[in-house]
Amino acid sequence: MTEFALETSTGITIIILFGVFWVAFGYWLGRKNRTHEDFALAGRNVGFAFAAATAMATWVTSNTTLVAPQLTYQFGIWGMIGYSFAALGLILFAPMAKRIKELLPNGYTSGDFVRLRYGNLAWLVFVVISVVYAFGWLISLGMAGGILLESLSGLDYHIGMTTILVICVGYTLFGGMRAVIATDFIQALIIIVGVSFIAYWLIDNVGLDSIHSNLTAEHPQLLDLLFPAAVMFLFNNIFFGLGEIFHSNVWWSRALSFKKDVAYKAYLTGGLLWLPIPIVTGFIALAAPQLGIFPPSPDMIGPTVAAAVLGKVGAIIVFVVIFSALASSLDSLLAATSDLVTQDIFHKKLKPNASDKTLMRFNRSCILGLGIMTWLLCLPRIATLGALLNFAGAFVASTIWPILLGLYQRRLTGGYAAFAMALGTLSGMLGYFAVGFYVAALVSCAISGLICLVGIIRSDKQFDWDQLNEKEQVDANQ
Amino acid sequence: MLINELAFEWLIFLALLMTGVAPILLLGLFIKDFISKTIW
């Protein structure tokens, strides 16, 4: 009898089967990639079904499946409701996605937009924030893969983490954005069905009334609607989610990949589909005290409860769901970050005359390089997933106002945008260390917003939106 | 102030219902795109 929910051999078998399938699927989809635009943006022609699914699946990450239960375990019902409010990021990005398609019909990345709208200084600050965030997220995903495999099947952390990185790098390398989006569709279905099944099984076997009674008697703070730190977390999480989505090239590259009339409704649908998932995954953690489960690491509370209630079948479902959640975000992040490096740094700054073939080759090298760097940074298990996630909040929330105002307001200039992002980030980090993780994004967003407001009041300039349509200008010169 | 049992149950049931509808919706959209050849 093993002390783990799954035998190590079963875990390895699932990983190998999934790995072979995803890499082969990625290779098959990659055959259609003829140009760098095909590889990076799936030909800018993704339909509604794939678009909605990829928006939803990419936002379901290790954080949704591991951290939402962890936060529910720590903050009670506000933990899961607060987490579900991160759906606002996708929903509010819907009109922005439409605007992005209109303003940048030939754009590639969010960095493209910042450079053209605000100039080089703001671009530099933005790229630093984007890269820090991307690595924070990549590391949290890589670590989550290792933690998952180890806790469920006893497979060594380093082997599990390496395997999941190799698989995701493999199919993204072969198939580019087309593979990322098509696999996201299947992964979205697996995640939703798996999560629903676990929650239903838990309700059927333990009972909602029983969970509520137990918590009322033994842990009333988890049902408290006025839990101060939890309410603060709710607002912090909203701004964190907005910052993540508004600035990250993961979401911009998707908006640019979708068909023109699809971007708005895809993000709106994706957000609505995502909204209940943290509540469903978070709720699973509320059964832990009643079941006498107190895991050594709080971020494993969800999988531990599911495996305890459903036994081996539950462990397999959890394994597959979290693996899909990790893969759906890891591939997106690898593709989007490599696009950012290829387009913004290599193409625009170093090799403006690079051929399409060179760009494609460099993009692939970037995916591989990012995978290797993530692997190196994941080797030491440096922080819990929650800590890593919330630290990034200080960075990304500072970009909310510069991005939003940059898309809709002509008066904000590059100097103020750069200052807002830099000072917002520093203030958020100060809040993180001085007060707690639950204020980092709030402070960052507030300071950045204040600077942007001053910038708009003091500015007498009017930005010309046509400057964003870069490719047309190049073509006109030719 | 604690959330009462009825509100707690409704919160979880509603979330589960919305999650359950999602795969049906996604598959429906996929079939529609497939038929009209607008997947990509």
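Helix α8 (residues 120-153) of chain A packs against helix α9 (residues 157-205) of chain A at about 125 degrees, with axes 7 Å apart. The crossing is right-handed. Gly142(A), Met143(A) and Glu150(A) are among the α8(A) residues that meet α9(A), where the partners include Tyr157(A) and Ile164(A); contact means heavy atoms within 4.5 Å.

This is a predicted model, in which local features need pLDDT of at least 70 and side-chain atom pairs count only at pLDDT 80 or more, while totals for chains, interfaces and linings use all residues. Residues are numbered from 1 along each chain as its sequence is written, chains are lettered from A and ligands numbered from 1 in the order written, and side-chain values use heavy atoms, without hydrogens and water.

A second pair in chain A is formed by α6 (residues 87-103) and α19 (residues 400-408).

| Helix pair | Angle | Axis distance |
|---|---|---|
| α8(A) and α9(A) | about 125 degrees | 7 Å |
| α6(A) and α19(A) | about 55 degrees | 10 Å |

α6(A) and α19(A) are likewise oblique to each other, and their crossing is left-handed.

Ser196(A) is located in α9(A). Ser196(A) counts as buried because its relative accessibility is 13%, the limit being under 20% (1.4 Å probe, protein chains only). A polar atom of its side chain lies 2.7 Å from the backbone oxygen of Ile192(A). Beyond its neighbours within four places in sequence, Ser196(A) is in contact with Leu16(B), Thr19(B) and Gly20(B).

How values were computed
Helices (H or I, at least four residues) and strands (E, at least two) are DSSP runs, numbered from the N terminus. Buried means under 20% relative accessible area, exposed over 50%, partly exposed in between (1.4 Å probe, protein chains only). A polar contact is a pair of N or O atoms within 3.5 Å; within protein, one must be able to donate a hydrogen and the other to accept it, and residues adjacent in sequence count only if both atoms are side-chain atoms. Axes are lines fitted to C-alpha atoms, for helices over the stretch in contact, and angles run from 0 to 180 degrees between N-to-C directions. Angles under 35 degrees count as roughly parallel, over 145 as roughly antiparallel, 65 to 115 as roughly perpendicular and the rest as oblique. A crossing is left-handed if the near helix is turned anticlockwise from the far one by less than a right angle, and right-handed if clockwise.
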